Amino acid sequence: MDLAIVLSTPRRGASWPWSGSPRRFSTVAGLDVSIQGDILNLLARLRGELGLALLLITHNLAAARLSTELLGVMYMGRLVETGRTADIFRLPAHPYTASLLAAMPVADPTRRDRSPAVHGEVPSMLHRPQGCEFHTRCKRVESRCRVGTPLPWDIAPGRSVRCHFPLTKGALSS
Ligand code: SF4
């Protein structure tokens, strides 16, 4: 069985981006949260029973945490951090990842210190920043970041980050 799960609806008339045609097509973006949970649970069960690989593209960090084993975090269309999901949630290495995780909602009504995940605006894709593309919004920016484009490098086995000054390199390699 070919099973494809896509979390956003393609434009009308857009062609399927992969070879072959899927027999099933599912979107959960925009659904009620409880229904999203039901669908993600169903996908987890199908993955286990049918031995499927599941590619989940989402802005929902909780869903990514619950439903994936490997995680890739993207900024402006480029992967800035990859690794095991549990490791990234425990010790994010890229400042963008860390900001996203710090802004995750917590089930505590006394917490009122919610701030935006990342301050500032996403730069235009037509005028991408030089150097590190996140430098215009990064709290850890240094002069090197404005001129030198960081390439992905391995800071631990199975863990890659695109940053000159990752947050957790020392902790991961110790
Ligand atoms: S390279 Fe510099 S600006 Fe870019 S994420 Fe790392 S510390 Fe921040």
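Visitor: Leaving aside its neighbours within four places in sequence, with which residues is Leu70 in contact?
Guide: In this predicted model, Leu70 is found in strand β3. Its C-alpha atom and that of Ala86, 16 residues along the chain, are separated by 8.2 Å. Once neighbours within four places in sequence are set aside, the contacts of Leu70 are Arg84 and Thr85.

Visitor: Where is Met76 found, and what is its phi?
Guide: Met76 is found in the loop between β3 and β4. With 14 other C-beta atoms within 10 Å, Met76 is partly exposed. Most residues other than glycine have a negative phi. Met76 is not glycine, yet its phi is positive, near 50°.

Visitor: Is His94 buried or exposed, and why?
Guide: His94 is found in the loop between α3 and α4. The cut-off for a buried residue is 20 or more other C-beta atoms within 10 Å. His94 has 28 C-beta neighbours inside 10 Å, so this residue counts as buried.

Visitor: Which residues does His94 touch, not counting residues up to four places away in sequence?
Guide: His94 and Arg162 are 68 residues apart in sequence, and their C-alpha atoms are 7.3 Å apart in space. Not counting residues up to four places away in sequence, those touched by His94 are Val73, Val80, Glu81, Val161, Arg162, Cys163 and Pro166.

Visitor: Against which elements do the buried residues of α4 pack?
Guide: Helix α4 covers residues 95-102, and Pro95, Tyr96, Thr97 and Ala98 are buried in it. Of these, Tyr96 touches Val73, Tyr75, Val80, Val118 and Phe134, not counting residues up to four places away in sequence. The buried residues of α4 pack against β3 (70-75), β4 (78-84) and α3 (85-90).

Visitor: How many residues does the largest nonpolar core have?
Guide: Buried residues make up 18% of the 174 residues in the chain. The largest nonpolar core includes Val73, Tyr75, Val80 and Tyr96, together with Cys132, Cys138, Cys145 and Cys163. In total, the residues of this core number twelve.

Visitor: Which residues come nearest to the ligand?
Guide: By class, the shell around the ligand has nine nonpolar, three polar and one charged residues. Of the 13 residues around the ligand, those that come nearest are Cys132, His135, Cys138, Cys145 and Cys163.

Visitor: What distance separates the end C-alpha atoms of helix α1?
Guide: Helix α1 (residues 33-50) has 18 residues, of which one is buried, so the helix lies largely in the open. Just after α1, Gly51 takes a positive phi of about 65°. At 1.5 Å a residue, α1 should span 26 Å, which agrees with the distance between its end C-alpha atoms, 25 Å.

Visitor: What pattern does the chain follow along the sequence?
Guide: The secondary structure comes to six helices and six strands. Among contacts between residues at least 6 apart in sequence, 34% join residues at least 24 apart. Read along the sequence, the pattern is β-β-α-α-β-β-α-α-α-β-β-α.

Visitor: What is the mean pLDDT of the chain?
Guide: Over residues 1-11, pLDDT stays under 50, and pLDDT also stays under 50 over residues 16-25. Of the residues in the chain, 76% reach 70 or more, and the mean pLDDT is 81.

Definitions and conventions. Residues are numbered from 1 along each chain as its sequence is written. This is a predicted model: local features need pLDDT of at least 70, side-chain atom pairs count only at pLDDT 80 or more; totals for chains, interfaces and linings use all residues. Helices (H or I, at least four residues) and strands (E, at least two) are DSSP runs, numbered from the N terminus. Two residues are in contact if their C-beta atoms, placed from the backbone, lie within 7 Å. A nonpolar core is a set of buried Ala, Val, Leu, Ile, Met, Phe, Trp, Tyr and Cys residues joined through C-beta atoms within 7 Å. A residue is near a molecule or strand if its C-beta atom, placed from the backbone, lies within 6 Å of it. Ala, Val, Leu, Ile, Met, Phe, Trp, Tyr, Cys and Pro count as nonpolar, Asp, Glu, Lys and Arg as charged, and the others, Gly among them, as polar. pLDDT is the predictor's confidence in each residue, from 0 to 100. The expected span of a helix is 1.5 Å times one less than its number of residues.
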